[in-house]
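Me: I have a structure to read with you. Can we go through it feature by feature?

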Amino acid sequence: MDSSSLSNLDISKLSDADKRDLQQQVNNEMQKAKLNEAIHTLTDICWTKCISGAPSSGKLSSKEESCTSNCVERFMDANTAVLRHLQVMQGEGM
């Protein structure tokens, strides 16, 4: 479906099942966008923190490799902790 046919789409004419499917597709695309944003942020943070210059011979030094691995693990740990906290808050009816 091209953009011109999307702009002419009358959502009110969709069945309830089609509306749910469309909403699920929109939600999936939003999740993909959030994941891509998180990966981009992670890359920026860990590159800035760990990589001192252009990798020589296309490889990271052992120090840079260890730093990036640790950076990714800490980033994932922090995100997991935040998500758990938000789930607890949501469960409490905040």
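Reply: Start with a definition: a disulfide is a pair of cysteine sulfur atoms within 2.5 Å. Keep in mind that this is a predicted model.

Me: How many disulfides does that rule give?
Reply: The count comes to two disulfides. One joins Cys46 to Cys71, with an S to S distance of 2.0 Å. The other joins Cys50 to Cys67, also listed at S to S 2.0 Å.

Me: What is the handedness of the link between Cys46 and Cys71?
Reply: Read the angle about the S-S bond. For Cys46 and Cys71 the angle is -90°, and the link is left-handed. Cys46 sits in helix α2 and Cys71 in helix α3, so this pair ties together parts that are 25 residues apart in sequence.

Me: And which hand does the link of Cys50 and Cys67 have?
Reply: That link is left-handed, with -65° about the S-S bond. Cys50 belongs to helix α2 and Cys67 to helix α3, so the pair ties together parts that are 17 residues apart in sequence.

Me: What pattern do the disulfides follow along the chain?
Reply: Count the bonded cysteines along the chain, and the pattern reads 1-4, 2-3.

Me: Are these cysteines buried or exposed?
Reply: Buried means under 20% relative accessible area, exposed means over 50%, and partly exposed lies in between. Cys46 is buried because its relative accessibility is 4%. Cys71 is buried too, at 9%. Cys50 has 8% and counts as buried. Cys67 has 24%, so this residue counts as partly exposed.

Me: Now helix α3. How does its reach compare with the span expected at 1.5 Å a residue?
Reply: Helix α3 covers residues 62-91, which is 30 residues. From first C-alpha to last, α3 reaches 43 Å, close to the 44 Å expected.

Me: Which residues of α3 are buried?
Reply: Glu64, Thr68, Cys71 and Phe75 are buried in α3. The cover over the buried residues of this helix includes α2.

Me: On to charges. What is the general idea?
Reply: Side chains of opposite charge can pair when their charged atoms come close. The cut-off to apply is a side-chain nitrogen of Lys or Arg within 4 Å of a carboxyl oxygen of Asp or Glu.

Me: Where is Lys32 relative to Glu29 in helix α2?
Reply: The two are three residues apart in α2, so about one helical turn separates them. Lys32 is partly exposed at 48% relative accessible area. Glu29 is partly exposed, likewise with 48%.

Me: Which residues are linked in a network of salt bridges?
Reply: Glu73, Arg74 and Asp77 are. Arg74 pairs with Glu73, their closest N and O atoms being 3.9 Å apart. Arg74 also meets Asp77, at 2.6 Å from N to O. Asp77 and Arg74 lie three residues apart in helix α3, about one turn. How open are they? Arg74 is partly exposed at 43% relative accessible area, Glu73 is partly exposed at 41%, and Asp77 is partly exposed at 42%.

Me: Last feature. Which residues make the nonpolar surface patch?
Reply: Leu9, Ile11, Leu22, Val26 and Met30 make the patch, which is about 390 Å². Take Ile11 as one of them. Ile11 is placed in the loop between α1 (3-7) and α2 (16-50). With 45% relative accessibility, Ile11 counts as partly exposed.

Key. Residues numbered from 1 in each chain as written. Predicted model: local features only at pLDDT ≥ 70, side-chain atom pairs only at ≥ 80, totals over all residues. Heavy atoms only, no water. Patch = residues over 30% accessible without salt bridge, like charges linked within 9 Å, V, L, I, M, F, W, Y side chains within 5 Å. Areas by Shrake-Rupley, 256 points an atom, 1.4 Å probe, with all protein chains shown as cover. Helix = DSSP H or I, 4+ residues; strand = E, 2+ residues; numbered from the N terminus. Buried < 20%, exposed > 50% of the residue type's maximum accessible area, 1.4 Å probe, protein only. Expected span 1.5 Å × (residues − 1). Contact = heavy atoms within 4.5 Å.
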